[in-house]
Amino acid sequence: MLGKENLPEPPYVIYSKHQSAWETIAFSCIFPPTSFVAKRELLMIPCFGWGFAVMSPITIDRGSPRKALRAVLDQGKRRLDQGFCVCVYPEGSRIEPGRTARFAASGVQLAAEAGVPVVPVALDSGRFWINGSWRKQPGRITVSIGKQQQPQRDRIRETVDALHEWIAAETSAIGG
């Protein structure tokens, strides 16, 4: 892990690249108690969904962007007030290595409204835990934690763009 010294005192918003299921599992060990923003359908998966529900996720209906944003802001503020960190995957779903998608602003908006920092995270887990495959490749996954940003309500998109730029460059630098 790179950049562990960049972690502030909780709570904060984790703004991370998402390449595989690995980070959802590993982040529970790397970061303090964390509430993940996830699609509601994950709760319906037998065994996994039941265990995931215990982790206090913020579940969203991806078919309704306005409701999803409201859920992230309302539930996210409650989780942050309870001392949880909130993990947002700004690309919305797993993206294979070497690719990127537009970053959503909900995590940065949550941080700005709650008055907490955003911590960017780059990783290369998709090289070893290939999306859609049960097979795992041997190797060492790298997680890189960037410097925290303190977003302001009137500069949400600027902060999102800066975080996207850092995450994309760092992901490329570590081979993801």
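This is a predicted model: local features need pLDDT of at least 70, side-chain atom pairs count only at pLDDT 80 or more; totals for chains, interfaces and linings use all residues.
Pro-10 and Pro-11 are joined by a cis peptide bond, with omega about 5°. Pro-11 belongs to the segment before strand S1. Strand S1 itself spans residues 13–16. Helix H1 covers residues 22–30, and its buried residues are Trp-22, Glu-23, Thr-24, Ala-26 and Phe-27. The elements that cover them include S1 together with the strands S2 (34–39), S4 (85–88), S5 (118–123) and S6 (143–145).

In soluble globular proteins, nonpolar side chains tend to be buried together. The largest nonpolar core here has 24 residues, and within it Val-13 and Tyr-15 touch the most other members. At least two residues of this core come from each of S1, strand S3 (58–60), helix H3 (65–81), S4, H4 and H5. Helix H3 makes the greatest contribution to this core, namely five residues. Another core, of 19 residues, lies apart from the largest one; Phe-36, Ala-38, Cys-87 and Leu-123 are among its members.

Helix H4 may be considered next. Its buried residues are Ser-106, Gly-107, Val-108, Leu-110, Ala-111 and Ala-112. These buried residues pack against S1, H3, S4, S5 and H5. Most residues other than glycine have a negative phi.

The crossing in which H3 passes H4 is right-handed. On the H3 side, the contact is formed by Leu-69, Val-72, Leu-73, Gly-76, Lys-77 and Leu-80; on the H4 side, by Ser-106, Gln-109, Leu-110, Glu-113 and Ala-114. Sorted by class, the residues of this contact are six nonpolar, three polar and two charged. An α-helix has 3.6 residues a turn, so residues three or four places apart point the same way.

The pairing of H4 (residues 106–114) with H5 (residues 156–173) has an angle of about 125°, and the axes are 9 Å apart. H4 and H5 are therefore oblique to each other, and H4 passes H5 in a right-handed crossing. Here Val-108, Gln-109 and Ala-112 of H4 meet Ile-156, Thr-159, Val-160 and Leu-163 of H5. This contact has five nonpolar and two polar residues, and no charged ones.

Ile-156 lies in helix H5. Its relative accessibility is 14%, and because buried means under 20%, Ile-156 counts as buried. Apart from neighbours within four places in sequence, Ile-156 is in contact with Ala-105, Val-108, Gln-109 and Ala-112. With Ala-105, the separation is 51 residues in sequence, while the C-alpha atoms are 6.9 Å apart in space. Val-108, Gln-109 and Ala-112 are also the H4 residues that meet H5.

Conventions: Residues are numbered from 1 along each chain as its sequence is written. Side-chain values use heavy atoms; hydrogens and water are left out. Axes are lines fitted to C-alpha atoms, for helices over the stretch in contact, and angles run from 0 to 180 degrees between N-to-C directions. Helices (H or I, at least four residues) and strands (E, at least two) are DSSP runs, numbered from the N terminus. Angles under 35 degrees count as roughly parallel, over 145 as roughly antiparallel, 65 to 115 as roughly perpendicular and the rest as oblique. A crossing is left-handed if the near helix is turned anticlockwise from the far one by less than a right angle, and right-handed if clockwise. Contact means heavy atoms within 4.5 Å. Ala, Val, Leu, Ile, Met, Phe, Trp, Tyr, Cys and Pro count as nonpolar, Asp, Glu, Lys and Arg as charged, and the others, Gly among them, as polar. Buried means under 20% relative accessible area, exposed over 50%, partly exposed in between (1.4 Å probe, protein chains only). A nonpolar core is a set of buried Ala, Val, Leu, Ile, Met, Phe, Trp, Tyr and Cys residues joined through side-chain atoms within 4.5 Å.
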